[in-house]
Amino acid sequence: MKWEYYTLSIPATGFFVGGKVDLNKLTENLNQLGHAGWELVSVFDTAMAQGMTRDVIAVMKRPLV
């Protein structure tokens, strides 16, 4: 089977950049992609200094038609 991939990036915001991720926005995006046939493969953050996060990246896949 062949796959196509999609990468979703959700920025972290807050008083200092690298604060919090909007979980409602992340959930909404993942649900929309799921309804379109995308399956979540992996989620990771892009770390900055001292444990702060710049972005959360979600990698999605679905069968190539």
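Leaving aside its neighbours within four places in sequence, which residues is Leu 8 in contact with? Select Leu 8 and look around it. The partners are Leu 26, Asn 29, Leu 30, Leu 33, Val 56, Ile 57 and Ala 58. Contact here means heavy atoms within 4.5 Å.

Before moving on, note the ground rules. This is a predicted model, in which local features need pLDDT of at least 70 and side-chain atom pairs count only at pLDDT 80 or more, while totals for chains, interfaces and linings use all residues. Residues are numbered from 1 along each chain as its sequence is written, and side-chain values use heavy atoms, with hydrogens and water left out.

**Whole chain**

Switch to a cartoon view. The protein chain has one helix and four strands. From the N terminus on, the order is β-β-α-β-β. Helices (H or I, at least four residues) and strands (E, at least two) are DSSP runs, numbered from the N terminus.

Now show the surface. The protein chain exposes about 4900 Å², and carbon and sulfur atoms supply 57% of that area. Accessible areas come from the Shrake-Rupley method with a 1.4 Å probe; for residues, only the protein chains shown count as cover. Of the 65 residues in the protein chain, 23% are buried. Buried means under 20% relative accessible area, exposed means over 50%, and partly exposed lies in between (1.4 Å probe, protein chains only). Among contacts between residues at least 6 apart in sequence, 54% join residues at least 24 apart.

**The core**

Go back to Leu 8, in strand S1. Leu 8 counts as buried because its relative accessibility is 8%.

Next, select Leu 8, Ile 10, Leu 26, Leu 33, Trp 38, Ala 58 and Met 60. These seven residues form the largest nonpolar core. Such a core is a set of buried Ala, Val, Leu, Ile, Met, Phe, Trp, Tyr and Cys residues joined through side-chain atoms within 4.5 Å. S1, H1 and S4 are the elements that give two or more residues to this core.

**Rings**

How many aromatic pairs are there? The count is one. Select Tyr 6 and Trp 38: their rings are tilted, 5.7 Å centre to centre with 45° between the planes. Rings of Phe, Tyr and Trp (its six-membered ring) pair if their centres lie within 6.5 Å; planes under 30 degrees apart are stacked, over 60 edge-to-face, and the rest tilted. Tyr 6 is in strand S1 (residues 3-13), and Trp 38 is in the loop between helix H1 (23-35) and strand S3 (39-47). Tyr 6 is partly exposed at 36% relative accessibility, whereas Trp 38 is buried at 11%.

Move to Trp 3. The charged end of Lys 61 sits over this ring, 3.9 Å from its centre. The rule asks for NZ of Lys or CZ of Arg within 6 Å of the ring centre and within 35 degrees of the ring normal.

One salt bridge turns up in the whole structure. Select Arg 62 and Glu 4, whose side chains meet at 2.8 Å, N to O. The definition is a side-chain nitrogen of Lys or Arg within 4 Å of a carboxyl oxygen of Asp or Glu. Arg 62 in strand S4 and Glu 4 in strand S1 are 58 residues apart.

Last stop: Asp 55, in strand S4 (residues 53-63). Is Asp 55 buried or exposed? Asp 55 is buried, at 18% relative accessible area.
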